[in-house]
Amino acid sequence: MAKKSRQIGKYSKQAKGARRGKKASAEAKEKQKMRHSYRALIVLGLLVLATFGFGAVASWRSLPTTTTALPTGTPPAMPANAPGKEYVYSGSALISTAEPFREPPDDLAVWRPGTGVWYVLNSSGQYVTYTWGNSSDLPITADFDGDAKTDFCIFRPSTGEWWIVKSSDGTYYTVTFGASGDVPVAADYDGDGRSDQAYWRPSNYTWYVYKSSSGSTATQQYGTSGDVPKPADFDGDGKADYTIWRSSSYSFWVMKSTDNQSMTYSIGASGDEPVIGDYDGDGKADYATRRGSDNIWRIRYSSDGNIYNTQWGISSDIAVQGRYTDSGDGDAKTDIAVWRPSTGVWYIRRSTDGSMRASYWGTQGDIPVPAPWRR
Ligand SMILES: [Ca+2]
Ligand SMILES: [Ca+2]
Ligand SMILES: [Ca+2]
Ligand SMILES: [Ca+2]
């Protein structure tokens, strides 16, 4: 019976189809349309999945890899400036801060790119460690909250982000200022006692400064292709001057913050390295170079205009000139100093009497970050 029924059914369908040939053709078209609709739906679904999937992967890939949680909100208000201080910079490093009662010296410190750990040694022989940043970041030594203590900070070249831990209260914030390829040149350009986020763009030789005093951005084209930005206060007004080192003519070019006039000074020879500091302690940065072949530091004192040559270190050393202090050296002058990566030893030439202080701190692969950490 069942077989017969199916046969009948088949027959019936065929008969029905024969009777309604035109309608069957229309139905087939309708079914085809539906199949197309289903396919369209499936394709749309796949597209949606792909979009969300890619978005998830993209956002996962763009997550920062610092060891702390993502920051939220806008940077908090900065504390008021402490007046009456004078700041001297070497590159982005604050090398001297004059205060009414105490002048903070530079502490020995290194940053370890592999782990992102900062190791800061203070003058009492105590040390602190802090994990901040990863291997592709650049360590920055600057005082953004103006408490005369250096803040833990990294600049992320891939995104132009500054990740800053304020020494005043331990909180952190990020600022996006700059882009891939820019050179960070943090310093106090407006002279309010707080470092400003700043970068120099090699493609257009332009300085971009996010002024801490006003929150506005200053731009200034200064320099040319191949130059190296090294901001420092050459005219001694407490404001960093746009400064570049031109190795092709072994010359410094400075745009003075006092009158925006440019001045230049040639010292050394091709291949020399700029080692700006305030070696005579008069509050003005001095032109200085270091040569790898003879390890001679050539320093022009701003106070008397003379050039003083001092041999110090070996060519594989890293220059870490700064104002270090110990029992035998407590003046305001920058000390000639090198850090030896192979041994982790700092060789500091005391500005007071030219004697040597040797201190072990750091290991091969570290980046020296001496600054007034005061921890
Ligand atoms: Ca600070
Ligand atoms: Ca400032
Ligand atoms: Ca200046
Ligand atoms: Ca000087």
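Here is a short chat about the predicted model shown above.

Residues are numbered from 1 along each chain as its sequence is written, while chains are lettered from A and ligands numbered from 1 in the order in which they are written. Since the model is predicted, local features need pLDDT of at least 70 and side-chain atom pairs count only at pLDDT 80 or more, but totals for chains, interfaces and linings use all residues.

Colleague: What is the mean pLDDT of the chain?

Modeller: pLDDT is the predictor's confidence in each residue, from 0 to 100. Here 75% of the residues reach 70 or more. The mean for the chain is 84.

Colleague: How many contacts beyond four places in sequence does the model have for residues 55-84?

Modeller: Two residues are in contact if their C-beta atoms, placed from the backbone, lie within 7 Å. Residues 1-19 have pLDDT under 50 and one such contact beyond four places in sequence. Over residues 55-84 pLDDT also stays under 50, and there the number of contacts beyond four places is 30.

Colleague: How many helices and strands does the chain have?

Modeller: Both are DSSP runs numbered from the N terminus: helices are H or I with at least four residues, strands are E with at least two. Counted that way, the chain has two helices and 26 strands.

Colleague: Why is strand S8 largely enclosed by the rest of the structure?

Modeller: A residue is buried if 20 or more other C-beta atoms lie within 10 Å of its own, exposed if 12 or fewer, and partly exposed in between, with C-beta atoms placed from the backbone. Strand S8 covers residues 161-165. It is largely enclosed because the number of its five residues that are buried is four.

Colleague: Which glycine has a positive phi in the turn between S8 and S9?

Modeller: S8 pairs with strand S7 (residues 151-156) over five antiparallel bridges, and the S7-S8 hairpin has glycine 160 in its turn, with a positive phi of about 75°. S8 also pairs with strand S9 (residues 172-176) over five bridges, antiparallel too. In the S8-S9 hairpin there are six residues between the strands, and the turn residue with a positive phi of about 80° is glycine 170.

Colleague: Is phenylalanine 152 buried or exposed?

Modeller: Phenylalanine 152 lies in strand S7. Leaving aside neighbours within four places in sequence, its contacts are Trp118, Tyr130, Trp132 and Val165. With 24 C-beta neighbours inside 10 Å, phenylalanine 152 counts as buried.

Colleague: How far apart in space are tyrosine 308 and arginine 298?

Modeller: Tyrosine 308 lies in strand S21 and is partly exposed, with 15 other C-beta atoms within 10 Å. S21 (residues 307-311) runs antiparallel to S20 (residues 296-300), joined by five bridges. Tyrosine 308 and arginine 298 are ten residues apart in sequence, yet C-alpha to C-alpha the distance is 5.8 Å.

Colleague: How many residues are in the largest nonpolar core?

Modeller: A nonpolar core is a set of buried Ala, Val, Leu, Ile, Met, Phe, Trp, Tyr and Cys residues joined through C-beta atoms within 7 Å. In soluble globular proteins, nonpolar side chains tend to be buried together. Ala109, Cys153, Ala198, Ala288 and Ala337 touch the most other members of this core, and its residues number 60.

Colleague: What share of the chain's 375 residues count as buried?

Modeller: Here we look at the chain as a whole. Among contacts between residues at least 6 apart in sequence, 38% join residues at least 24 apart. The buried share of the 375 residues is 36%.

How values were computed:
Two strands pair if DSSP finds at least two bridges between them.
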